[in-house]
Amino acid sequence: MSEARSRLLATATRIFYAEGLHSVGVDRIVAEAKVTRATLYRHFPGKEDLVVAYLQGVSEMEREGIGKVLAGNPPAADALRAVAEWIAESIQSAHFRGCAFLNAAAEYPDPAHAVHQAVLAHREWFLRTVTDLLAQIGTSAPEPAARHFVMLRDGAMASGCLTDSAEVGDTFLQGVDGILRHRLGAAERP
């Protein structure tokens with residue numbers, strides 16, 4: 001990746017996450033990245049292409065973070081708890097502004113739009129990751145529990161901007177423990 005493209009993405013990532021997608025203009029990104037407009041458009045045909053690249057970068061960071069959590073192949077219940085703890089910690093970070101993907105979906109609600117499609121691709125990966133872990137715990141279909149986990153995560157991401165993030169993180173972790181207890185209990189039933 002060229003230095004200019006890297007600066008553009010780093011600048012866009014910082015500003016888009018902090019201030020939103022529609023509210024930030026190309027001129028500001030160009031100025032703060034210290035590149036020309038022509039350089040921006042050489043790397044990204046339009047602002048929405050930059051937004052998609054930003055979301056793909058955030059997705060990659062989350063995949064790497066969860067990959068580190070899952071390194072060493074811990075037992076599935078421990079892995080799911082560790083993923084939940086990683087999420088709870090991110091909610092309590094100093095510059096937390098919610099979920100970049102939920103924020104983007106709110107600004108680009110058209111399911112056919114490339115930005116919305118980038119959001120859906122990331123969410124599908126995350127749901128599949130959680131489903132795969134839950135499939136290793138219990139005997140019932142893992143999909144409902146995985147959707148429950150994702151809904152708890154979404155609620156925690158939204159609430160983490162509105163109220164005490166430590167309390168939100170604790171509530172989220174309690175919800176995940178409830179899912180695990182239910183799955184583990186279901187596995188022990190005849």
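I took contact to mean heavy atoms within 4.5 Å. The model is a predicted one, in which local features need pLDDT of at least 70 and side-chain atom pairs count only at pLDDT 80 or more, while totals for chains, interfaces and linings use all residues. Residues are numbered from 1 along each chain as its sequence is written, and side-chain values use heavy atoms, with hydrogens and water left out.

Leaving aside neighbours within four places in sequence, I listed the contacts of phenylalanine 149, which include Ile87, Phe126, Phe172 and Ile179.

**Arginine 183.** This residue sits in helix H9. I noted that arginine 183 is buried yet has no salt bridge, the nearest side chain of opposite charge being glutamate 143 at 7.4 Å; buried means under 20% relative accessible area, exposed over 50%, and partly exposed in between, with a 1.4 Å probe and protein chains only, and a salt bridge needs a side-chain nitrogen of Lys or Arg within 4 Å of a carboxyl oxygen of Asp or Glu. Its side chain does reach the backbone oxygen of alanine 141 at 3.2 Å.

**Salt bridges.** I searched the whole structure and found 10 salt bridges. One of them joins glutamate 32 and arginine 14 at 2.9 Å, N to O; because glutamate 32 lies in helix H2 and arginine 14 in helix H1, the pair ties together parts that are 18 residues apart in sequence. Arg14 and Glu32 also belong to a network of salt bridges with Glu19 and Arg28. Aspartate 154 and arginine 153 meet at 3.0 Å, N to O, and both are buried.

**Backbone.** Lysine 34, a residue other than glycine, has a positive phi near 60 degrees; I placed lysine 34 in the loop between H2 and helix H3 (37-43), where it is exposed at 67% relative accessibility. Asparagine 73 has a positive phi near 50 degrees and lies in the loop between H4 and H5.

Note on methods: Helix = DSSP H or I, 4+ residues; strand = E, 2+ residues; numbered from the N terminus. Lys, Arg positive; Asp, Glu negative; His and termini not counted. Polar contact = N/O pair within 3.5 Å; in protein donor to acceptor, adjacent residues only side chain to side chain.
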